[in-house]
Amino acid sequence: MQTRSDNEKFVNAYDMATYMKEARDNNYLSKGSNRSASDDNATRISKGASLRELIPDYLIPYLNKQPGLIDTDWYNTVLKPAPISNTALNILGGTDKTKFAFTGSYLNQKGLLIGTGYEKYSGNINLVTNISDKLKFGVSINPSYSKGELFDMVNGGRTYNLLQMATTMYPFFAPRDANGNLLISQQIKANIPYDGALVENPVAVAEMTKRKYNMFKTFGNVFAEWNFLKDFRYKVSAGGDYTSYEYNFFDPSTVGSYRTAAPDATTASRTEYITKNYLIENLLTFDKRLNNHSFNVIAGQSFQKEQSNQVTTLAANFPDNSLTNISGGTSFKIDVTDYTWALLSYFGRFNYTYDSKYSFMASYRRDGSSRFGVNTKWGNFYALSLAWTLSNENFFPKNKFLDPLKLRFSVGTNGNNQIPNFGAISLMTQENYVFGGILAPGYRAYTAPNADLSWEKSESTNFGIDLGLFNKYLNVSADYYILNRNGLLLDVPVPQQSGYSTSLQNIGKIRNQGLELQVSLRPVRFGENFEYSNNFSFSANKNEVLALANNQTQIVTGANNFAVTKVGGSIAEMYGYNILGVYKTQAEIDNSPHIAGTMVGDYIMEDLNKDGKIDANDKKSFGSGIPKYVMGFTNSFKYKNFELNFTFYSELGRKIYNGDQVSITESGEGFGIANQYYFDNRYNPVTNPNGTYAMPNMNFSNNRKEARTSSIFFKNGDYVRLRSLKLAYNLPESLLSALKIRSIQLYFIGNNLLTFTSYKGQNLDANSDTILTQGYDNGYYPVARTYSFGMNMKF
């Protein structure tokens with residue numbers, strides 16, 4: 001079973017009515033001196049009030065505290081506990097020369113988000129046979145078929161992203177009537193006279209739209225290995241990956257969309273793609289041991305290629321909703337996407353060990369990627385490492401307290417080619433234009449070419465130590481690293497005069513340096529029945545931007561320009577104003593530096609540079625989405641036939657910028673629903689004079705707009721989570737022997753059972769896909785808390 005694990009809590013309908021009235025009243029009062037919060041709508045209209053200064057009639061019963069009214073928790077309505085089941089069968093067998101394994105599994109997972117789900121049938125077949133003493137052959141095949149329903153959580157907005165819709169649906173409206181029928185466009189119609197949130201019922205969208213996909217995927221590998229000349233081994237392998245995907249979408253006219261009540265236009269689409277990927281690898285290995293000398297040499301070559309073809313058909317102008325796919329449309333638009341990429345690699349590695357004391361490794365590889373510019377497709381990468389096991393030296397005292405003791409050093413480079421397939425060339429997109437007074441079809445370039453776009457290179461240096469203590473019961477491994485990333489592959493903003501908004505470039509240099517620590521306790525027995533072991537990991541990282549493009553000192557990007565990547569700072573630091581409190585009187589505003597248009601109830605911003613005004617020079621860094629410290633702690637207990645394992649995981653020193661809180665749930669604008677934390681801490685001169693959040697006001701001042709990037713919205717993302725817990729019981733062998741069963745284990749598994757954090761957003765792990773906007777949470781799918789019971793049986 002899956003449930004929500006977040007801390008997001010929203011106001012009920014009665015608090016929401018109070019919040020909306022305060023926001024509309026303060027908007028009304030801010031625009032004239034002869035106005036009163038007690039003015040009715042007719043009076044307000046006579047005094048020139050706008051729609052957002054009127055009080056919706058549906059609020060009146062709630063403001064009068066009439067009991068038994070509709071009070072819908074939309075967030076809990078679209079997020080429901082959901083079952084998950086997984087069944088697997090493993091079969092192993094073979095002879096001395098041939099081994100085989102078969103696995104079949106079925107996964108059925110209902111989504112936490114209503115209208116979503118996932119089913120998967122998968123298999124795995126492995127066969128390895130020794131044709132002779134010198135020749136081995138193997139094959140592996142992994143087919144799967146999956147199907148399900150999904151929403152576009154990234155681009156769906158308030159039409160299809162149910163989580164964003166839930167934060168703009170008012171609790172005064174219900175998903176169904178008393179007879180269980182869906183209520184369509186009720187909020188949209190009720191809000192049109194008041195310019196409120198025009199959002200469709202998300203339950204209706206979930207149930208009435210069609211969003212089904214199915215995917216067949218298979219990947220496999222076949223290899224042959226030949227041992228010859230005693231110390232040589234040659235292996236050739238070929239692998240392939242085939243994916244066939246189909247997605248069908250249908251939105252009938254009988255359900256509305258954002259800002260449009262039903263009936264609206266029926267739309268449908270169908271997306272199909274086939275992707276084929278194959279990899280061929282040749283590997284020659286030399287293994288030799290001469291007295292105390294051990295040699296291992298590898299030389300290899302690989303070639304990988306992927307081809308994909310995608311066709312998306314958009315259908316419109318449906319006469320009715322009888323055909324729930326693209327065939328019902330009368331006009332169509334077809335988008336075709338094709339791509340091919342290839343990677344050719346040559347590599348070698350040399351390992352040498354002397355007397356189990358000294359180790360040396362050197363490797364080199366040369367990779368060519370089709371994704372880069374015509375001048376710079378190839379990259380060269382190397383690695384060197386040294387290790388010295390001091391505890392094997394004759395001078396090292398033999399003891400059980402400290403053994404082994406090893407020192408390590410390594411240096412090397414690697415490359416990154418994860419960019420769009422045609423990132424180095426200019427691509428075209430269709431765009432209409434006026435020619436001779438007539439609208440005509442045409443094309444324009446929409447990506448900037450870069451013939452010199454090349455590999456992003458990482459240079460790493462590592463110092464390490466491994467040691468065992470107390471007769472190897474306690475083992476410690478520590479590493480200090482410096483990782484420099486050069487020529488970062490970033491889509492950076494460029495002047496609009498260039499004809500483009502961004503350009504993919506190799507720019508700058510970033511350094512990561514830090515410490516990694518691993519401490520493990522091997523199983524310790526206490527008496528005959530109790531056993532304990534653990535593992536602790538810790539890492540500390542400092543991220544610093546050393547350089548950007550020529551003559552460039554910073555990159556500003558992200559929602560509301562919240563993310564600044566500046567030389568000398570961390571990548572994607574969150575920059576904004578430091579909020580000192582809330583203005584409670586006009587005199588406070590008049591006697592302090594402030595942004596023009598600041599009103600009572602707005603935020604007090606710190607004049608950081610003490611120049612008597614508030615502007616961009618008063619912004620400062622509040623951290624980034626990159627954690628400074630990451631920790632994990634795993635514990636294992638055994639008592640007789642019982643086993644208990646659990647893992648805690650923690651990230652500290654990171655910030656989160658929550659887009660939904662900025663624009664809706666903590667904005668104070670009164671457009672969408674408020675979260676409980678904002679409501680309890682909002683400033684109100686009568687009911688909450690010590691409030692720390694701005695006063696509700698639909699007259700969204702420049703102060704409020706600028707405060708979108710400020711300390712009030714850069715949230716602490718620290719957390720400690722009980723990531724996994726497993727409690728198991730192994731049935732006694734005496735009970736199973738008569739049944740010819742090797743073992744039966746009954747178990748309970750829980751994931752994300754507990755999370756300790758002050759963050760009140762949907763997803764602590766939410767992050768942007770772009771490195772320049774790390775730490776951005778914009779209504780992402782919440783992390784699920786799961787409980788499962790199972791049985792593992794072996795014959």
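These legends go with several close-up views of one predicted model. Residues are numbered from 1 along each chain as its sequence is written, and side-chain values use heavy atoms, with hydrogens and water left out. Because the model is predicted, local features need pLDDT of at least 70 and side-chain atom pairs count only at pLDDT 80 or more, while totals for chains, interfaces and linings use all residues.

View 1. D25 pairs up with K21 here, with 2.5 Å between the closest N and O atoms. A salt bridge is a side-chain nitrogen of Lys or Arg within 4 Å of a carboxyl oxygen of Asp or Glu. Both D25 and K21 sit in helix α1 (residues 13–29), four residues apart, or about one turn of the helix. Helices (H or I, at least four residues) and strands (E, at least two) are DSSP runs, numbered from the N terminus. D25 is buried at 7% relative accessible area, whereas K21 is partly exposed at 22%. For these labels, buried means under 20% relative accessible area, exposed over 50%, and partly exposed in between (1.4 Å probe, protein chains only). R44 joins K21 and D25 in a network of salt bridges. A search of the whole structure turns up 29 salt bridges.

View 2. The R270 side chain meets that of E246 in a salt bridge, 2.8 Å from N to O. This pair ties together distant parts of the chain: R270 belongs to strand β8 (residues 267–290) and E246 to strand β7 (residues 232–251), 24 residues apart. R270 also forms a salt bridge with E272, the closest N and O atoms being 3.4 Å apart. R270 is partly exposed, with a relative accessible area of 24%, and E272 is partly exposed too, at 36%.

**View 3. A four-stranded open sheet.** The strands run in the order β22-β23-β24-β27, with antiparallel pairing. Two strands pair if DSSP finds at least two bridges between them. β22 (554–557) and β27 (620–624) stand at the edges with a single partner strand each, so one side of each has no neighbour in the sheet. Strand β24 (residues 573–576) is joined to β27 by three bridges, and Y575 stands opposite S621 in β27.

**View 4. The largest pocket.** This one holds about 1,100 Å³ of space. Among its 43 lining residues, P420, N421, L427, Y446 and T447 are the closest to the centre. A pocket, on a 1 Å grid over the protein atoms alone, is an open set of points where a 1.4 Å probe fits, with protein on both sides within 12 Å along at least five of seven lines; lining residues have an atom within 4 Å of a point. Volume is the space filled by probe spheres set on the points, which are joined across faces, edges and corners. β10 gives the largest share of the lining, seven residues. By class, the lining has 19 nonpolar, 16 polar and eight charged residues. Ala, Val, Leu, Ile, Met, Phe, Trp, Tyr, Cys and Pro count as nonpolar, Asp, Glu, Lys and Arg as charged, and the others, Gly among them, as polar.

**View 5. The second largest pocket.** Here the space comes to about 890 Å³. A88, Y747, M791, N792 and M793 are the closest to its centre, out of 25 lining residues. β2 (84–94), β33 (743–757) and β35 (784–794) are the elements that each give two or more residues to this lining.
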